[in-house]
Each structure stands twice: as C-alpha cells, then as structure tokens.
Amino acid sequence: MQSATQTPKVGVIMGSKSDWPIMEHAVEMLERLGVAYETRVVSAHRTPDLLFDYAKSAAERGLEVIVAGAGGAAHLPGMVASQTALPVLGVPVESKSLKGLDSLLSIVQMPGGIAVGTLAIGKAGATNAGLLAAQIVGLQDDRVRAAVEAFRAEQTQTVLDNPDPRPD
Ligand code: RP5
C-alpha cells in the first residue's frame, strides 16, 4: 500500500496487522505533512525472508527512512537495521501482557554498531516516528521541511490560544 503516485520516501512496516491501530498514527502524520510513504506487514518471525528482501532493497527503491513498529519480542526494527544503512525508527507497540515494556526493551537495547532510533511506547511513539521521519526527509526536501515547521508553529499557537486548563 502506498500514498498518492509519488515514489515512497518512508516505509512504515509493522510485525502484524494487529499493530495497525497504533502504527496508523505514524501514517497519519506523514499524510498530514505530505510525505510519500508505503506501508505493509513484515514480520521478523513469520516472514523472515520478506524482512531481508524489504530491508536490502529499501534504499535502491528510493526509501530514505524506515519506521518499524512491533510488539512483544519486537525484533523487527533491529533486524531491519542490520540489513540497511537507512535510518530505522523503532516504535514499541503496547503488548497485552507487559504493556509494551517488553517491546520497548526489545527495540531499544541494540548492540553498539547497529542503530535503531527508539520512540515512546504506543500512540505518541508512532506519531513522533512519523514526525521524525518527515524531519529527516525534510533535510533534503524544502516542501516537507516547510510542512514540519508549519505543523510545529500551529501546535504552539494552539497551546498559547488555550491557556485555561479547565474543560470548555
Ligand atoms: C509482534 O507480535 C507484532 O508486532 C505484534 O505486536 C505481536 C502480536 O502479533 P499478533 O499475534 O497479534 O499477530 O510480532
């Protein structure tokens, strides 16, 4: 699945369809900021050959960043990072039994020499993965950088315009 007709610059992958309710927040942010993306299920454990193919071909297909979300024994981001020099952003998806602490530790505790940029557990992490991916793309793409700056300015203005913390 991919956005519009542009060549995707960000790949948003996840270990299972069950990760979508969290990972859709990364996709929402990319859409909001006008970043071309693709998204699909790639499982480190259930489809290891696909994982290797996806990661090895990512750069030559034009991807600039990979966002990888997984829960539990969340090996997807680290294994993808082992097969590409593209930046990989890992999103720990909240698990039922351990509330995502297992996912977080699985993703963040990489051995020195293979980097994964690990975000927060759950929705905030997915949102920020989309935002950070756009910021990376924006280093070379003025339109995306302007969209990130506009988003940040609007967010600041919304807080300043609503100083009263009590419900409306
Ligand atoms: C991980 O196992 C996935 O990323 C998902 O978070 C978790 C559970 O997957 P399902 O059993 O729901 O497919 O690989």
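Predicted model: local features only at pLDDT ≥ 70, side-chain atom pairs only at ≥ 80, totals over all residues.
Before I quote the record, a word on what its entries mean: UniProt positions are given here in the numbering of this chain, feature names are shortened, and an annotation may be inferred rather than shown by experiment. With that in mind, the unreviewed UniProt entry lists residues 8–159 as "domain: PurE".

Let me turn to one pair of helices. Helix 1, residues 20–32, and helix 5, residues 123–137, have axes that come within 7 Å and cross at roughly 30 degrees; since angles under 35 degrees count as roughly parallel, the two helices are therefore roughly parallel to each other, and their crossing is right-handed. On the helix 1 side the contact includes Ile22, Met23, Val27 and Leu30, and on the helix 5 side the residues they meet include Ala126, Gly130, Leu131 and Ala134. Taken by class, this contact has 11 nonpolar, three polar and two charged residues.

Finally, the ligand. Which residues surround the ligand? They are Met14, Gly15, Ser16, Ser18, Asp19, Ser43, Ala70, Gly71, Gly72 and Val93, and by class this shell has three nonpolar, six polar and one charged residues.

Notes
Residues numbered from 1 in each chain as written. Axes fitted to C-alpha atoms, helices over the stretch in contact; angles between N-to-C directions. Helix = DSSP H or I, 4+ residues; strand = E, 2+ residues; numbered from the N terminus. Parallel < 35°, antiparallel > 145°, perpendicular 65-115°, else oblique. Left-handed = near helix turned anticlockwise from the far one by under 90°. Contact = placed C-beta atoms within 7 Å. Nonpolar A, V, L, I, M, F, W, Y, C, P; charged D, E, K, R; others polar. Near = placed C-beta within 6 Å.
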